[in-house]
Amino acid sequence: MFLIFSSALLWAGEKLNYSAPAVLPHTKKEMQRPGFWIAKHPSPDKVILTADRVQRFNQQLSNAALTKDLLDINAFDIKVGATQIEKELKKFARGDYFDREGKLASRDFFQAIKENINLEDKEVIPRHAFVLRQSDQRLLPTDAPLTAQPFDLEFDEVQNSSLSAGEPVVVFYETLDEKWVYTQTFASAGWVKKESLEFVSADEFKTLLNAEKVAVVISAKADLYRDPAFTQFYDYARMGDRFSVHATASDSVEILIAPGQSLFVKREDIHMGFLSYTPRHILEQAFKMLNEPYGWGGMNGEQDCSAFLKGVFATVGIVLPRNSGEQGKSGTLIKNLSAALPGITVAQLKGHIILYLGMIDGQPYGIHEIFAYRENITGQDRPRVLNRVVVSDLHLGTGSKKGSLLERIVAIREIR
């Protein structure tokens with residue numbers, strides 16, 4: 001049996017994680033392919049929402065304050081931002097959080113951050129910008145990690161999200177040292193390094209956001225280059241990222257990440273415009289992510305459970321909220337999985353979310369990005385690390401203290 005030794009084990013001698021098998025219990029190898037589930041689907045090519053109805057669905061999420069319309073930022077949004085900044089600072093300062101060395105973060109650490117945050121009572125004029133390259137969005141304006149457990153550095157509690165090159169943001173506040181700005185995206189808010197942004201006028205922002213010709217990333221990751229010969233690597237984009245198209249060629253597309261700043265991407269990695277919203281397309285996109293690594297809040301350029309679903313549904317034009325709790329409030333509420341349509345249904349657990357694949361012999365299955373699950377061995381919980389996108393039945397974890405995935409479901413929603 002192979003063991004995975006976490007940083008906590010190496011440094012503190014406290015934590016031992018066991019690896020999980022490549023194919024999980026009650027899951028067969030053929031279940032690792034989208035075609036297996038598409039073949040069992042009652043209507044895989046049914047259009048769930050037309051393009052117009054996708055736009056209305058997105059507007060409904062924005063109206064419910066689950067996402068944000070960046071072209072409709074007002075004074076209330078700015079006030080909410082200030083309240084959230086103060087809330088996060090108080091939460092961290094009052095809690096027990098550990099630094100990189102496994103020591104409790106000091107009062108001086110939080111005091112320095114508080115003094116650097118500029119929330120003086122003055123008029124705030126929103127600024128518009130685009131992200132120049134993949135960047136972390138933080139709950140505090142600092143690169144320093146804070147963890148709930150000593151040395152648990154894979155779970156930096158300050159990490160909020162990861163923003164992609166070309167992502168639009170609205171800026172509310174700036175730190176006194178001018179290194180960090182507080183940004184609002186379609187789905188999240190937090191601090192980003194100022195140097196990673198290209199500031200533009202409101203008109204330039206609106207024009208690029210409303211571009212008629214767009215390219216949507218449909219690969220798990222897509223390399224971005226400075227040249228059409230694909231020899232000068234710049235960064236990579238992730239599934240669901242959308243770009244304004246500047247020009248096209250037989251094997252490449254020139255995209256804009258900001259006004260006047262173009263890059264090149266391979267045609268095979270993108271789709272011109274959004275995919276039609278069908279179960280087939282959602283399933284195919286989800287399985288392109290199979291075995292992609294887990295990244296808490298987008299750490300290390302990867303994705304967590306909610307970012308996985310957000311990227312998959314973004315390929316059909318749907319803008320889901322950032323976290324699993326808000327995704328569990330999106331769409332049509334379903335009473336149980338047996339009444340749900342596979343491929344467009346999500347099952348929300350506390351702190352987790354799963355794309356429902358269907359029933360096999362009366363047992364529900366899903367595909368999801370997950371770090372670990374627990375199994376009961378002689379009365380003790382044993383963590384098994386997955387650290388990737390997997391297919392599993394929802395009885396995974398049965399007998400553990402937390403219970404199975406199925407037992408922990410709090411909401412089931414069809415995304416429509």
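**Group meeting: a walk through the model**

Okay, let's start at Ala82, which sits in helix H4, residues 75-94. When I say helix or strand, I mean DSSP runs numbered from the N terminus: H or I with at least four residues for helices, E with at least two for strands. Before going on, a word on what this is: a predicted model, where local features need pLDDT of at least 70, side-chain atom pairs count only at pLDDT 80 or more, and totals for chains, interfaces and linings use all residues. Residues are numbered from 1 along each chain as its sequence is written, and side-chain values use heavy atoms, with hydrogens and water left out.

Back to Ala82. Its relative accessible area is 16%, so Ala82 is buried. The cut-offs here: buried is under 20% relative accessible area, exposed is over 50%, and partly exposed is in between, with a 1.4 Å probe and protein chains only. Ala82 and Tyr182 are 100 residues apart along the chain, yet their C-alpha atoms are separated by 9.4 Å.

Now the inside. A nonpolar core here is a set of buried Ala, Val, Leu, Ile, Met, Phe, Trp, Tyr and Cys residues joined through side-chain atoms within 4.5 Å. The largest one has 41 residues, and Trp37, Tyr277, Phe313, Ile318 and Ile367 touch the most other members. Elements giving two or more residues include helix H2 (34-40), helix H3 (51-63) and strand S19 (352-360). Which element gives the largest share of this core? That's H8, with 5 residues.

On to salt bridges, meaning a side-chain nitrogen of Lys or Arg within 4 Å of a carboxyl oxygen of Asp or Glu. There are 13 of them in the structure.

In one, Arg138 meets Asp156, at 2.7 Å from N to O. Arg138 is in strand S4 (residues 135-138), while Asp156 is in the loop between S4 and strand S5 (159-163), so we're looking at partners 18 residues apart. Are these two buried or exposed? Arg138 is buried at 4% relative accessibility, and Asp156 is buried too, at 5%.

Next, Glu174 pairs with Lys194, with the closest N and O atoms 2.9 Å apart. Glu174 belongs to strand S6 (residues 168-174), and Lys194 to the loop between strand S8 (189-193) and strand S9 (197-200). Glu174 counts as buried at 16%, whereas Lys194, at 24%, is partly exposed.

Then there's Glu292 with Lys221, at 2.5 Å from N to O. Glu292 lies in the loop between H7 and H8 and Lys221 in strand S11 (residues 221-225), so this pair ties together parts 71 residues apart in sequence. Glu292 is buried at 16%; Lys221 is partly exposed at 26%. And salt bridges with shared partners join Arg127, Glu174 and Lys194 into one network.

Most residues other than glycine have a negative phi. Asn300, though not a glycine, has a positive phi of about 60°. Asn300 is in the loop between H7 and H8, and is exposed, with a relative accessible area of 68%. Thr378 also has a positive phi, near 45°. Look for Thr378 in the loop between S20 and S21; at 77% relative accessibility, Thr378 counts as exposed.

That's the tour!
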